[in-house]
Amino acid sequence: MSRYALKVEYQGAPFAGWQRQKDQPSVQGAIEAALARLEPGPHTIAAAGRTDAGVHGLGQVAHCDLTKDWDPFRLSEALNYHLKPQPVAIVSAAPVDDDWHARFSAVERQYLFRILQRRAPETHNKGQVWRVNQRLDIDAMREGAAHLIGRHDFTTFRSTICQAASPVKTLDELRIEKVQGFSGSEIHFHVRARSFLHNQVRSFVGTLERVGAKSWSPEDVKAALEACDRAACGPVCPPQGLYLARVGYPNDPFI
């Protein structure tokens with residue numbers, strides 16, 4: 001068997017999430033079905049992270065095992081052919097060692113969240129951003145976000161169905177920037193850590209949006225974090241503005 005790393009891009013809207021579902025479409029299921037068109041299955045692939053329904057992938061990484069030695073370019077081209085017309089693309093493929101693992105070999109994950117600030121409904125960006133009707137105070141959000149950087153017990157920002165062994169994580173970056181797009185003013189959240197709890201990023205963004213809207217103060221974020229109580233969290237924002245942007249490895253297989 002030969003192992004290959006796959007860099008995957010996808011739109012999350014048509015899928016019930018990354019993970020294979022029995023009766024619902026999933027990104028994992030789509031790729032495994034494409035692999036079965038290349039070599040007899042069944043195929044089981046592993047990914048760096050399991051994105052929820054509606055969440056997108058810009059730089060998701062998975063690995064697969066195949067009996068044939070494939071040229072990486074031909075492998076990505078063949079998979080993309082069989083993935084059509086689904087909004088899933090293999091951006092790159094690369095051979096890796098047999099013990100390389102998309103999830104366990106990763107040393108960091110980066111997420112992007114996009115908020116579009118305008119009253120008019122989305123057209124071209126529909127399903128790609130979270131639209132809010134009002135302008136948000138980005139400086140206040142940055143002040144609130146500063147309380148979340150570092151190693152903390154993130155119980156407040158953890159889904160009640162999270163299966164992680166511990167709520168203690170180290171958040172390396174939560175950077176907020178304003179971007180002027182063609183459709184209007186956007187606020188982008190860049191979030192980076194080795195690993196995340198279930199719904200952690202969406203809990204961050206939903207809470208910080210309340211700060212930007214002046215419903216919370218920046219100090220309220222600190223109080224919510226220290227409460228270690230899910231009930232202290234702000235609203236969890238919708239999934240459509242969230243992207244798994246990049247997965248980091250000690251030696252990037254795609255370089």
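Buried means under 20% relative accessible area, exposed over 50%, and partly exposed in between, with a 1.4 Å probe and protein chains only. The model is predicted, so that local features need pLDDT of at least 70 and side-chain atom pairs count only at pLDDT 80 or more, whereas totals for chains, interfaces and linings use all residues. Residues are numbered from 1 along each chain as its sequence is written, and side-chain values use heavy atoms, with hydrogens and water left out.

**View 1. The salt bridge of Arg 131 and Glu 122.** In this pair the closest N and O atoms are 3.3 Å apart, a salt bridge being a side-chain nitrogen of Lys or Arg within 4 Å of a carboxyl oxygen of Asp or Glu. Arg 131 is partly exposed at a relative accessible area of 26%, whereas Glu 122 is buried at 17%.

**View 2. The salt bridge of Arg 246 and Glu 108.** The two side chains meet at 3.0 Å, N to O. Because Arg 246 lies in strand β10 (residues 242-248) and Glu 108 in strand β5 (residues 108-117), the pair ties together parts that are 138 residues apart in sequence; strands are DSSP runs of E with at least two residues, and helices are runs of H or I with at least four, numbered from the N terminus. Arg 246 is partly exposed, at 36% relative accessibility, while Glu 108 is buried, at 16%.

**View 3. Helix α4 and Arg 202.** Twelve of the 13 residues of α4 are buried, so the helix is largely enclosed by the rest of the structure. Among the buried residues is Arg 202, which forms a salt bridge with Asp 52, the closest N and O atoms being 3.9 Å apart.
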